[in-house]
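Have the sequence and the 3D view open while you read.

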Amino acid sequence: MTDRVLIIDFGSQVTQLIARRVRESGVYSEIHPFNNISDEFLDEYAPKAVILSGGPASVHWDKAPSAPARVFDLGVPVLGICYGQQTMVNQLGGKVATSDHREFGRAFVDVIEDCALFTGTWAEGAREQVWMSHGDRVDALPDGFRVVGKSDGAPFAAIANDDKKFYAVQFHPEVVHTPHGAQLLKNFTHGVAGCSGDWTMNAYKDDAIEKIRKQVGDGKVICGLSGGVDSSVTAVLIHEAIGDQLTCVFVDHGFMRSGEADQVVTLFRDHYNIPLVHVDATDTFINAIEGEIDPETKRKTIGRLFIETFEEEAKKIGGADFLAQGTLYPDVIESVSFTGGPSVTIKSHHNVGGLPERMNMQLVEPLRELFKDEVRDLGRELGLPDSFVGRHPFPGPGLAIRIPGQPITREKLDILRKADAIYLEEIRNAGLYDAIWQAFAVLLPVRTVGVMGDGRTYDYACALRAVTSTDGMTADFFPYPPELLGRIANRIINEVNGINRVTYDFTSKPPGTIEWE
């Protein structure tokens, strides 16, 4: 059985990064909220080590979150990070105090003594950069602990109980702003906990195939294929597991990028020989939102029509016992609030989440334990071409939400599709496509005066968007060379009838979103 690390979540904004760093070192890990961990779960999960995450709470609050007491009696190493350190100390008999000297952002830790956490990374007497985010701080240690690192605002910035293999740090090793943080985590999982680091995507693939076969048996599975990376990898993985028991339904709503529908159909029907129902519902979708301006109405209308079309096609093939979805691990984590509180809806997401209840099918979600980059790795393991698995994210409603603040028409969709194709072709030619998380064109709701061929034009303006990101939660604009932007703008203006001006979006996320709608 592969070694597994349990990450107990106390609500930190960067808890996902802990799991990513641990997995990157070849150790499988899962995140579970502190208030959803039973003794039975601990017995079944059988962690080789436990990591307590950071969080926004204070141990002095009424009903402050804490780690399950049994975690400290499992006989496995435990690492506390930020709030995880504070609750560990508080639960084991130490003292946590509110500090007048808070630390947020870059800080420095003085290494007082050596410990297993620092092996080969931090030397005694060194001063190391870290990233802090705390108000409270440890003020007195529980029995058996010693201080191994301190900072200006945290006299117990790193502590160790060598006998029990309990370690804790006030800083965040999981973020890139702690330069040696990934190695510190690896020292914990490999050096302290003795994890073998043998978890690979190939092993995950084989395990996932067995799980799919066991869950599905001789049942039928239907998969809503959007053409995106997640649903595509889901389909190929399930087909490898159960063959023709899977049928994919690809609903072409008319808002795809140039040539995309043909690419999807060719890949799945011809290359992989996966049973595929291709539904050209362009007229239905475009007629339903033609003239619509409100972005939420667009999204919800497209989502509703997708469900209705998918449901109709499912009935035609005789129904199915299971519905396959490309749900990813961030979706699972974000759907389980550690406080149970509500979250603000920034925008509706287009998916088939409403189908299971309506169609009385069980869910098959083989990617629900993977991050986006891991899904791409799995796709490569399954033989999907890099040109396909490396594609930029594309929203379910497609080009329909890249024509903001104006009525949708077929003419505008054609104009945008041509501009977007030129843009993506140019960044590929420049060798920059893989360095960008997402790039696309937006048709703006303004018309501008221009001069072309000694004549006056009055056409649309186009905005180009490109961002760098690791997970889509935050993003920065991509710093193109000006000459490349000039070349792209020149091609779009000269080759796309209907556009006479091109702009570039320099907004980061936050405050903006990646998409314009």
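1. First, the ground rules. This is a predicted model, where local features need pLDDT of at least 70, side-chain atom pairs count only at pLDDT 80 or more, and totals for chains, interfaces and linings use all residues. Residues are numbered from 1 along each chain as its sequence is written, and side-chain values use heavy atoms, with hydrogens and water left out.

2. Start with the sheet. Five strands make up an open sheet with parallel pairing, in the order S12-S11-S10-S13-S14. At the edges sit S12 (276-280) and S14 (362-364), each pairing on one side only. From one strand to the next, the twist averages 25 degrees. On terms: helices (H or I, at least four residues) and strands (E, at least two) are DSSP runs numbered from the N terminus, and two strands pair if DSSP finds at least two bridges between them.

3. Now zoom in on one strand pair. S10 (residues 221-225) and S11 (residues 246-252) run parallel and are joined by five bridges. Look for Cys223, whose bridge partner in S11 is Cys248. Helix H7 (residues 260-271) lies across S10, S11 and S12, and runs at about 165 degrees to S12. Angles here run from 0 to 180 degrees between N-to-C directions, with axes as lines fitted to C-alpha atoms, for helices over the stretch in contact.

4. Next, H5 (residues 201-216) and H6 (residues 229-242). Their axes come within 9 Å and cross at roughly 65 degrees, so H5 and H6 are roughly perpendicular to each other (65 to 115 degrees; under 35 is roughly parallel, over 145 roughly antiparallel, the rest oblique). On the H5 side, the residues include Ile209 and Ile212, and on the H6 side they include Leu237 and Ile238. This contact (heavy atoms within 4.5 Å) has eight nonpolar, no polar and three charged residues. In that count, Ala, Val, Leu, Ile, Met, Phe, Trp, Tyr, Cys and Pro are nonpolar, Asp, Glu, Lys and Arg charged, and the others, Gly among them, polar.

5. H6 also packs against H12 (residues 372-381), at an angle of about 40 degrees and with the axes 10 Å apart. That makes H6 oblique to H12. The crossing of this pair is left-handed. H6 brings Val229, Asp230, Val233 and Leu237, and H12 brings Lys372, Val375, Arg376, Leu378 and Gly379. By class, five are nonpolar, one is polar and three are charged.

6. What is the angle between H14 (residues 410-429) and H15 (residues 482-495)? The two pack at about 150 degrees, their axes 10 Å apart, which makes H14 roughly antiparallel to H15. Their crossing is right-handed. Among the residues that meet are Ala419 and Tyr423 in H14, and Leu484 and Arg487 in H15. The contact divides into seven nonpolar, no polar and five charged residues.

7. Last, H3 (residues 83-91). Seven of its nine residues are buried, so H3 is largely enclosed by the rest of the structure. Buried means under 20% relative accessible area, exposed over 50%, partly exposed in between (1.4 Å probe, protein chains only). The buried residues include Tyr83, Gln86 and Met88. After H3 comes Gly93, with a positive phi near 105 degrees.

Methods: Left-handed = near helix turned anticlockwise from the far one by under 90°.
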